[in-house]
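User: Could you take me through this model? I would like the ground rules before any residue is discussed.

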Amino acid sequence: MPLLILGISMTLFYLGLGAWLLLDKSFLPDIQVEFRNIFAIMLLVYGSYRGWRVYADYF
């Protein structure tokens, strides 16, 4: 059960941070826009993968 909670919370963290990086252009203004968008998309993809793994393992 603790690993399920950790998996769900990390999935939400990765998806939330990726969405925040894409939507809020004033967050981390020192990083170039292209690199920030690439990192945000990578976070969304990895968060989706983690969510799929949690679903496949526990449900």
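Analyst: To begin with a definition, a residue is called buried under 20% relative accessible area, exposed over 50%, and partly exposed in between, with a 1.4 Å probe and protein chains only. The model is predicted: local features need pLDDT of at least 70, side-chain atom pairs count only at pLDDT 80 or more, and totals for chains, interfaces and linings use all residues. Residues are numbered from 1 along each chain as its sequence is written, and side-chain values use heavy atoms, with hydrogens and water left out.

User: How many helices and strands does the protein chain have?

Analyst: The protein chain has two helices and zero strands. Helices (H or I, at least four residues) and strands (E, at least two) are DSSP runs, numbered from the N terminus. Helix 1 covers 2–23 and helix 2 covers 33–58.

User: Is the chain a compact globule or more spread out?

Analyst: The protein chain is more spread out than a compact globule, because its radius of gyration is 13 Å, well over the 10 Å that the globule rule gives for 59 residues. That radius is taken over C-alpha atoms, and the globule rule is 2.2 Å times the number of residues to the power 0.38. Along the principal axes, the C-alpha atoms fill a box of roughly 40 × 15 × 15 Å.

User: What share of the residues is buried?

Analyst: Buried residues make up 19% of the 59 residues. Leu-21, in helix 1, is buried, with a relative accessible area of 1%.

User: Which residues does Leu-21 touch?

Analyst: Not counting residues up to four places away in sequence, Leu-21 touches Phe-27, Leu-28, Arg-36, Phe-39, Ala-40 and Leu-43. A contact means heavy atoms within 4.5 Å. Leu-21 and Leu-43 are 22 residues apart along the chain, and their C-alpha atoms are separated by 9.4 Å.

User: Where does Leu-28 lie?

Analyst: Leu-28 lies in the loop between helix 1 and helix 2. Its phi is positive, about 55 degrees, although Leu-28 is not a glycine. Most residues other than glycine have a negative phi. At 37% relative accessibility, Leu-28 is partly exposed.

User: Turning to the aromatics, how many pairs are there?

Analyst: The count comes to six aromatic pairs. Trp-20 and Phe-27 are stacked, because their ring centres are 4.1 Å apart and their planes are at 15 degrees. Tyr-49 and Trp-52 form a tilted pair, at 6.2 Å centre to centre with 40 degrees between the planes. Rings of Phe, Tyr and Trp (its six-membered ring) pair if their centres lie within 6.5 Å; planes under 30 degrees apart count as stacked, over 60 as edge-to-face and the rest as tilted.

User: Where do Tyr-49 and Trp-52 sit relative to each other in helix 2?

Analyst: Tyr-49 and Trp-52 are separated by about one helical turn, because they are three residues apart in helix 2. Both belong to one aromatic cluster formed by Phe-13, Tyr-14, Tyr-46, Tyr-49 and Trp-52.

User: And charges: which side chains meet in a salt bridge?

Analyst: The side chains of Asp-57 and Arg-53 do, at 2.9 Å, N to O. The count comes to one salt bridge, defined as a side-chain nitrogen of Lys or Arg within 4 Å of a carboxyl oxygen of Asp or Glu. Asp-57 and Arg-53 are four residues apart in helix 2 and are therefore separated by about one helical turn. Asp-57 is partly exposed at 48%, and Arg-53 is partly exposed at 32%.

User: Which residues make the nonpolar surface patch?

Analyst: Leu-3, Leu-6, Ile-8, Leu-12, Tyr-55, Tyr-58 and Phe-59 make a patch of about 780 Å². Patches are made of residues with over 30% relative accessible area and no salt bridge: like charges are joined within 9 Å, nonpolar side chains (Val, Leu, Ile, Met, Phe, Trp, Tyr) within 5 Å. Areas come from the Shrake-Rupley method with a 1.4 Å probe; for residues, only the protein chains shown count as cover.

User: Which helix supplies the largest share?

Analyst: Helix 1 does, with four residues. Among them is Leu-3, which is exposed at 58%. Tyr-58, in helix 2, is in contact with Leu-3 and Leu-4, leaving aside neighbours within four places in sequence. The C-alpha atoms of Tyr-58 and Leu-3 are separated by 9.7 Å, although these residues are 55 apart along the chain.
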